[in-house]
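User: I would like to go through this model by question and answer. Please show the sequence and structure.

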Amino acid sequence: MIHLEEALRRTLARVDVLEPVEVPIGEAAGATLAVDLVANADVPPFDNSAMDGFAVRVGGLVPGVAVPVTGRIRAGATGDPLEAGVARQIMTGAPVPEGADAVVMVEHCTVERDAEGAPTSVVFDPAAFPIEQGRHIRTAGGDLPAGAVAVHAGGG
């Protein structure tokens, strides 16, 4: 009697490796990759918010002090650069504006609104502090940088 590992080695030694073929992705279920699959772009493609909340510059924020809100950024939208001393409402997946270095999640905010419901100012709760640079920001290429192997050959 031989061990399983030896039986597997002997069996695989007799298996011919097939030539690779290209198939449409919809027909590739159950196939095995012949070559590494390499990312041709950063994933995500830009810095974006991991939370609904407010994009800010960390410096100078104080718990309990109202900060003016200068607009709203929805997923798929872009915005003007963010100045110091203000906040901009931001939705999950929306691009982080230039100048912002953190996102404070909405659960740690008290928001003042105008008659139409748009935010005019925000107060950050003490529970949000300290607010570190990079908080709740998914960086461009943070999941998978361009040029990195997404799936190795042999994976299927």
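User: Which side chain makes a polar contact with the side chain of N48, and at what distance?

Analyst: This is a predicted model. N48 is found in strand β2, residues 48-49, and N48 also has a polar side-chain atom 3.2 Å from the backbone oxygen of F46. The side-chain to side-chain contact of N48 is with R138, at 2.6 Å.

User: Is N48 buried or exposed?

Analyst: The class follows from the relative accessible area, and buried means under 20%. For N48 that area is 4%. N48 is therefore buried.

User: How many salt bridges are there?

Analyst: Side chains of opposite charge can pair when their charged atoms come close. The cut-off is a side-chain nitrogen of Lys or Arg within 4 Å of a carboxyl oxygen of Asp or Glu. Among the pairs that meet it is R135 with E132, with the closest N and O atoms 3.0 Å apart. By this rule the count is 3.

User: Which residues are linked in a network of salt bridges?

Analyst: R9 bridges to E6 with the closest N and O atoms 2.5 Å apart. E6 also bridges to R10, where the closest N and O atoms are 2.9 Å apart. E6 takes part in both pairs, and the linked residues are E6, R9 and R10.

User: Why are R9 and E6 separated by about one helical turn?

Analyst: Both residues lie in helix α1. The pair E6 and R10, 4 residues apart in α1, is likewise separated by about one helical turn. For R9 and E6, the reason is their spacing in the helix, which is 3 residues.

User: Which residues form a nonpolar patch on the surface?

Analyst: A patch residue needs over 30% relative accessible area and no salt bridge. V15, in the loop between α1 (4-13) and β1 (37-38), has 48% relative accessibility and counts as partly exposed. The patch has about 290 Å² of accessible area together, and its residues are L8, L12 and V15.

User: Which are the edge strands of the open sheet of 6 strands?

Analyst: The order of the sheet is β6-β3-β5-β4-β8-β7, with mixed pairing. An edge strand here pairs on one side only, and the two are β6 (102-105) and β7 (109-113). Neighbouring strands are turned against each other by 35° on average, direction ignored. The edge strands are thus β6 and β7, given that each pairs on one side only.

User: In which sense do β4 and β8 pair?

Analyst: Strand β4 covers residues 66-73 and strand β8 covers residues 119-124. One of the bridge pairs is A66 with V123 in β8. The two strands pair over 3 bridges, and the sense is antiparallel.

User: What is omega for the cis peptide bond that joins V43 and P44?

Analyst: P44 is placed in the loop between β1 and β2. Another cis bond runs from F129 to P130, with omega near -5°, and P130 lies in the loop between β8 and β9 (137-138). For V43 and P44, omega is about -5°.

User: What is phi of H136?

Analyst: H136 lies in the loop between β8 and β9. H136 counts as partly exposed at 25% relative accessibility. The residue is not glycine, yet its phi is positive, near 60°.

Methods. Residues are numbered from 1 along each chain as its sequence is written. This is a predicted model: local features need pLDDT of at least 70, side-chain atom pairs count only at pLDDT 80 or more; totals for chains, interfaces and linings use all residues. Side-chain values use heavy atoms; hydrogens and water are left out. Patches are made of residues with over 30% relative accessible area and no salt bridge: like charges are joined within 9 Å, nonpolar side chains (Val, Leu, Ile, Met, Phe, Trp, Tyr) within 5 Å. Accessible areas come from the Shrake-Rupley method with a 1.4 Å probe; for residues, only the protein chains shown count as cover. Buried means under 20% relative accessible area, exposed over 50%, partly exposed in between (1.4 Å probe, protein chains only). Two strands pair if DSSP finds at least two bridges between them. Axes are lines fitted to C-alpha atoms, for helices over the stretch in contact, and angles run from 0 to 180 degrees between N-to-C directions. A polar contact is a pair of N or O atoms within 3.5 Å; within protein, one must be able to donate a hydrogen and the other to accept it, and residues adjacent in sequence count only if both atoms are side-chain atoms.
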